[in-house]
Amino acid sequence: LLKGPTALPSLAAEMESSNVRSEEHEMSESSSKYGILVAVDGSPESDAALRWAAAEAVMRAAPVTLVNVIAPVVVTWPVGYLQASYDQSQEDNARNVIELALKIARDATGGSDLNIQTEVRHGGVLTELVHASSGAAMTVVGSRGFGAIAGSVLGSISRGLLHYGHGPVAVIRPEGHVAPSAPVLLGIDGSPASEPATALAFDEA
């Protein structure tokens, strides 16, 4: 599902063959732990995803959760003694990324009363985001990034989320601007998997 002609946030609603999955991952802010979940890493692409997610959260009167994932890095001999200091630098970087993301989200919504939550997770980036998506009304990521989810790696993460993430997933490109009146483009094939995508398209419209 693509919205607008230029920024093209790609929305995909994945479901299993049973109807339980469709009902479980309906867009429902009241039952969502995270509301709109957005992965942040401080890159321009991540910032674009954050602004889009914040606007989506305001539109839906839903909370937005900013999540940064610290990927494990094992330092071995002869520099194993640096492990503790490297771990601390990762924690410091995650805190700085979250603080900057908070400011961007607030600025993007023009002072709206947006409920913003934050979380730092530890583990494989795709694994952690897939797990977190099970508690989100929607998961939002940038098309590229740097740090633990650099460049082509984030491309793999976004593709992985589209295949394995729970509920709607939006992949946001930073270039261009989409007018609020831009149409929502829905691709369907008549299969049961199209049903949650269709529901999401009507919600967006």
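Let me start with β6, which is mostly covered: seven of its seven residues are buried. Buried means under 20% relative accessible area, exposed over 50%, and partly exposed in between, using a 1.4 Å probe and protein chains only. Strands here are DSSP E runs of at least two residues, and helices are H or I runs of at least four, numbered from the N terminus.

On provenance, this is a predicted model: local features need pLDDT of at least 70, side-chain atom pairs count only at pLDDT 80 or more, and totals for chains, interfaces and linings use all residues. Residues are numbered from 1 along each chain as its sequence is written, and side-chain values use heavy atoms, with hydrogens and water left out.

β6 covers residues 136-142 and includes Thr 139. Which strands pair with β6? Strand β3, residues 35-39, runs parallel to β6 and is joined to it by four bridges. Strand β7, residues 167-172, also pairs with β6 in the parallel sense, over four bridges. Pairing requires that DSSP finds at least two bridges between the strands. Thr 139 is the bridge partner of Leu 37, and Val 140 stands opposite Ala 170 in β7.

Thr 139 has a relative accessible area of 1%. Its contacts, meaning heavy atoms within 4.5 Å, include Leu 161 and Pro 168, not counting residues up to four places away in sequence.

Now helix α3. Its buried residues, among them Val 97 and Ile 98, pack against α2 (44-60), β4 (64-70) and β5 (116-122). Just after α3, Gly 110 takes a positive phi of about 60°.
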